[in-house]
Amino acid sequence: MKSFETVEQAKQNPAYYEALTELLYQLADDDFIISFRGSEWLGLAPHIEEDVAFSSITQNTMGHAFLYYQLLEDLGEGKVDALAHERAPEQRRNASYFEKKNGEGSYYGEPWYDWALTVVRQFLYETMKKVKLEAAVKSSYEPLANTAQKVLMEQPYHLAHWKMWMQQLLSSTEEAQEKIQARLEEAWEEGKDIYDLGPKAQDIVHHQLISGESELKQRWLQEVQATIKDLPADSLGDKFGSGRSGEHTADLDQALQTLAEVYDSDRYAVW
Amino acid sequence: MNDEQKRQEILAILKTVDDPELPSVSVRDLGMVHDVLVNHRNVSITMVPTFAGCPALDFIEKNVKLAVESLEWVERCHVEFSFQIRWSTDAITNEGKEQLRKHGVSPPPENYQPGEEWSVDCPYCGSAFTSMDNVFGPTACRSILYCGSCKNPFEAMKPVVDYSVV
């Protein structure tokens with residue numbers, strides 16, 4: 001398998017281009033939506049140091065989304081800002097589980113958010129992010145391999161943070177353990193997208209853009225199990241559909257509306 | 001002035017452009033300047049961002065452009081950030097490390113293994129009796145620590161190094 005060093009080379013092969021952009025949208029949209037949900041914890045995290053840590057992680061993760069959108073812009077998919085703000089929900093490729101609201105209520109109303117959901121989701125997401133990045137550094141598309149390597153230099157800090165939370169809560173009170181367990185079961189009902197590469201999975205793997213789903217899943221489960229011994233026995237489900245196919249919930253509509261509110265107020269403003 | 005002399009002049013002026021979040025530490029000493037190309041009166045500079053999520057990049061780009069264009073012979077300076085080149089904390093010069101300490105920020109530790117805990121000496125009193133308060137600080141590139149000897153809180157640059165995948 002030859003490697004594709006430039007945008008021009010990738011564009012010469014339409015099948016390759018399609019698989020590549022599909023994967024990049026998944027990576028970009030995952031980081032984008034998880035950053036948004038993270039940003040909704042600003043000022044609400046359990047304590048002040050966590051507020052600083054979580055917002056720093058969130059800001060940096062949005063930077064990672066930017067890097068992937070930049071790769072898409074380079075490939076001629078549109079401007080970074082437009083890719084982030086203007087795409088309709090059905091064009092989004094993020095995992096539907098990642099768009100789920102942080103809990104009951106709303107940020108500007110009564111945010112009865114659930115820290116257990118956040119710890120479980122962030123831990124599962126960062127663990128998969130690591131597994132995917134380690135596979136993407138060997139990608140046939142060199143600009144993606146280089147970007148993955150850069151992100152991998154920063155991401156261990158994020159993963160270590162959520163692993164610490166997971167370990168602490170699992171060895172905490174019975175209530176904490178029960179809450180984590182309930183959110184884990186929920187993740188198993190909704191989270192198939194975490195390892196799913198969508199309808200173009202075969203092409204993505206055929207062009208050696210990243211490892212196959214079964215390998216990603218296996219490595220992810222192995223890493224998750226090193227921290228959480230009792231995982232739900234079932235296989236992961238897709239209760240709210242496949243985000244990789246553009247199936248999303250009303251929670252994504254809310255997220256995109258809030259995210260694009262300022263952008264939409266004047267799309268041609270110069271910042 | 002030949003091209004090499006012009007290049008040296010550019011590099012010298014880049015020593016005067018500080019990181020907006022770290023006054024007194026130049027972007028050159030932080031290892032952010034990757035390449036300087038001179039073509040008659042036009043200058044093209046490739047820079048390397050530190051952390052991906054750093055919001056200061058636009059300011060840095062503008063400040064570098066302004067500084068270089070203040071040179072009499074420069075007509076236009078083009079600044080570009082490349083995310084394809086990896087920055088690591090090893091790129092910080094010794095002078096950069098000294099300036100960081102003066103600013104109350106410890107330079108990153110050496111021999112850091114990704115994902116593992118690390119510690120640094122206090123930038124004020126040099127004591128090794130320090131503790132990590134928060135790995136995440138006021139910017140993506142910094143952490144917050146506390147010195148048990150001189151009782152000062154201080155910051156440190158987070159180590160980021162190449163991550164080898166087996």
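Q: Which residues line the largest cavity?

A: This is a predicted model, in which local features need pLDDT of at least 70 and side-chain atom pairs count only at pLDDT 80 or more, while totals for chains, interfaces and linings use all residues. Residues are numbered from 1 along each chain as its sequence is written, chains are lettered from A in the order in which they are written, and side-chain values use heavy atoms, with hydrogens and water left out. A cavity is a set of points on a 1 Å grid over the protein atoms alone where a 1.4 Å probe fits but cannot get out, and lining residues have an atom within 4 Å of a point. The lining of the largest cavity consists of L27(A), D30(A), D31(A), Y68(A), F98(A), Y125(A), M128(A), K129(A), K132(A), L133(A), I194(A) and R244(A).

Q: Which element gives the largest share of the lining of the largest cavity?

A: Helices are DSSP runs (H or I, at least four residues), numbered from the N terminus. Two of them, helix 2 (14–39) and helix 6 (115–136) of chain A, are the elements that give two or more residues to this lining. The largest share, five residues, comes from helix 6 of chain A.

Q: What is the volume of the second largest cavity?

A: Its lining includes I34(A), F54(A) and Q122(A), and the largest share of that lining, four residues, comes from helix 3 of chain A. A volume is the space filled by probe spheres set on the grid points, which are joined across faces, edges and corners. For the second largest cavity, the volume is about 40 Å³.

Methods
1 Å grid on protein atoms, 1.4 Å probe; cavity = no way out; pocket = protein on both sides within 12 Å on 5 of 7 lines; lining within 4 Å.
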